[in-house]
Amino acid sequence: MSDAVGGTGAAPAFTPRVFSGIQPSGGLTLGNYLGALKRFAEKQNEGIETIYCIVDLHAITVWQDPARLRHATRELAAGFIASGIDPARSILFNQSQVAEHAELAWLFNCVARMGWLGRMTQFKDKAGKNREAASVGLFAYPSLMAADIMVYHATHVPVGEDQKQHLELTRDIAIKFNNDYGVDFFPIVEPVIEGAATRVMSLRDGTRKMSKSDPSDQSRINLTDDADTIAQKIRKARTDAEPLPETLEALKDRPEARNLINIYAALDGRTPEAVLAEFAGQGFGAFKPALADLAVAHLAPISTEMTRIMQDVAEIDRMLGAGADRAAAIAGPILARAYDITGMIRSRR
Ligand code: AQP
């Protein structure tokens with residue numbers, strides 16, 4: 001691979017390579033599916049090299065019970081495969097099995113500035129009012145995320161809208177590393193934030209992101225929910241009393257309604273405008289059952305497949321180990337070169 005990089009005046013010479021990750025910090029949600037997993041499978045099917053990671057080291061930036069973390073890691077692996085990721089075509093593994101991520105993160109901790117990390121909204125949200133009690137890992141999370149991506153010289157990162165700021169920081173770290181050491185070594189990554197559901201909102205509050213760690217289970221649809229639960233959650237989703245309008249503009253101040261339209265559009269592979277054209281003038285009494293049917297039709301096969309894959313935990317672990325071997329074969333030489341650039345002597349045989 002060439003060391004030349006786009007964004008610094010040199011010809012962009014990096015082979016396109018997709019990297020993205022998901023934390024095993026709870027069960028998967030419809031937000032993770034539409035904002036990430038569904039699009040990961042689409043990227044794989046476009047024929048680009050795809051590397052997908054279960055970021056267990058990120059998960060422990062907030063407390064995780066070890067037994068639950070192990071279960072969530074395997075269940076997430078099952079979720080990837082059930083959503084269409086083929087471990088033979090994509091590289092799929094858990095982060096802690098490839099030590100290069102944590103090692104490059106240390107180099108990046110020495111490049112990133114306190115001020116940059118202190119401005120991250122995810123840190124502010126998750127640390128809450130009591131920042132003194134937050135883990136150092138939670139603060140340094142974006143350096144590790146930058147390392148996850150850069151240790152593969154990945155060029156494209158499909159994510160939901162909430163990760164945009166972290167990807168901008170990844171670019172800043174890569175640019176500063178390249179400038180500090182006078183190299184064109186790390187690529188300047190492109191966020192890939194596309195589709196109708198880049199930010200799926202809570203079913204209880206249209207101004208908050210749907211999240212796997214939200215204390216209210218009613219706020220989200222889990223990929224493991226059965227058909228009745230999905231239908232019941234959609235029926236109870238907060239909405240308003242107005243019928244659906246003809247234009248998206250008219251949904252500007254109706255975040256809950258807008259969210260359900262976006263979810264419908266993303267599940268059905270249509271634009272929100274096309275969905276409104278079909279349902280304009282109708283109330284939620286008609287729209288919600290249609291959405292519930294659509295969600296069940298999409299999610300039930302995924303849930304069934306996840307249950308089937310989870311029957312064979314040893315096979316999941318074997319598959320993650322094989323993915324980690326393939327990942328390490330790419331990451332090893334890139335990390336070695338980064339150490340060399342920073343002046344570390346590497347003389348072990
Ligand atoms: N609500 C969402 N809408 C669209 N995309 C979403 N993603 C997460 N929530 C939504 C995308 O899913 C990928 C994996 O996210 P993550 O698990 O690494 O962390 P997160 O973004 O912090 O997700 P959660 O569900 O909110 O986890 P917790 O509660 O543990 O923090 C990312 O691409 C993300 O954009």
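Let's start with Arg254, which counts as buried because its relative accessibility is 12%. For that word, buried means under 20% relative accessible area, exposed means over 50%, and partly exposed is in between, using a 1.4 Å probe and protein chains only. Before I go on, this is a predicted model, where local features need pLDDT of at least 70 and side-chain atom pairs count only at pLDDT 80 or more, while totals for chains, interfaces and linings use all residues. Residues are numbered from 1 along each chain as its sequence is written, and side-chain values use heavy atoms, with hydrogens and water left out.

Okay, back to Arg254. What does the side chain of Arg254 meet in a salt bridge? That would be Asp240, at 2.8 Å from N to O. A salt bridge here is a side-chain nitrogen of Lys or Arg within 4 Å of a carboxyl oxygen of Asp or Glu. Both Arg254 and Asp240 lie in the loop between α9 and α10, so the pair ties together parts that are 14 residues apart in sequence. When I say helix or strand, I mean DSSP runs numbered from the N terminus: H or I with at least four residues for helices, E with at least two for strands. As for Asp240, a relative accessibility of 28% makes it partly exposed.

The general idea is simple enough: side chains of opposite charge can pair when their charged atoms come close. How many salt bridges does the structure hold? The count is 19.

Another one of them joins Lys209 and Asp162, with the closest N and O atoms 2.8 Å apart. Lys209 sits in the loop between β5 (190-192) and α9 (227-236), and Asp162 in the loop between β4 (156-158) and α8 (164-181), so this pair ties together parts that are 47 residues apart in sequence. Lys209 counts as partly exposed, at 32% relative accessibility, and Asp162 is partly exposed too, at 28%.

Then there's Arg270 with Glu278, whose side chains meet in a salt bridge at 2.8 Å, N to O. Arg270 is partly exposed at 27% relative accessibility, and Glu278 is partly exposed with a relative accessible area of 40%. There is also a network: Asp217, Arg220, Asp225 and Lys233 are joined by salt bridges that share partners.

Now for some helix packing. Take helix α10, residues 255-268, and helix α11, residues 272-279: they pack at an angle of about 105°, with axes 8 Å apart. The axes are lines fitted to C-alpha atoms, for helices over the stretch in contact, and the angles run from 0 to 180 degrees between N-to-C directions. That makes α10 roughly perpendicular to α11. On the scale used, under 35 degrees is roughly parallel, over 145 roughly antiparallel, 65 to 115 roughly perpendicular, and the rest oblique.

Which residues meet there? From α10 we have Arg258, Ile261, Asn262, Tyr264 and Ala265, and from α11 Pro272, Val275, Leu276 and Phe279. Contact means heavy atoms within 4.5 Å. By class, this contact of α10 with α11 has seven nonpolar residues, one polar and one charged. Nonpolar covers Ala, Val, Leu, Ile, Met, Phe, Trp, Tyr, Cys and Pro; charged covers Asp, Glu, Lys and Arg; the others, Gly among them, are polar.

Next, His101, which is found in helix α4, residues 100-109. Is His101 buried or exposed? His101 is buried, with a relative accessible area of 0%. The structure holds zero disulfides, a disulfide being a pair of cysteine sulfur atoms within 2.5 Å.

His153 is in the loop between α7 (136-150) and β4, and its phi is near 50°, a positive value in a residue other than glycine. His153 is buried, with a relative accessible area of 2%. Phe186 lies in the loop between α8 and β5 and is buried at 0%.

Last one: where is Gly27? In the loop between β1 (17-22) and α1 (30-45). Gly27 is partly exposed, with a relative accessible area of 27%. Not counting residues up to four places away in sequence, Gly27 touches Asn32, Glu75 and Lys212.
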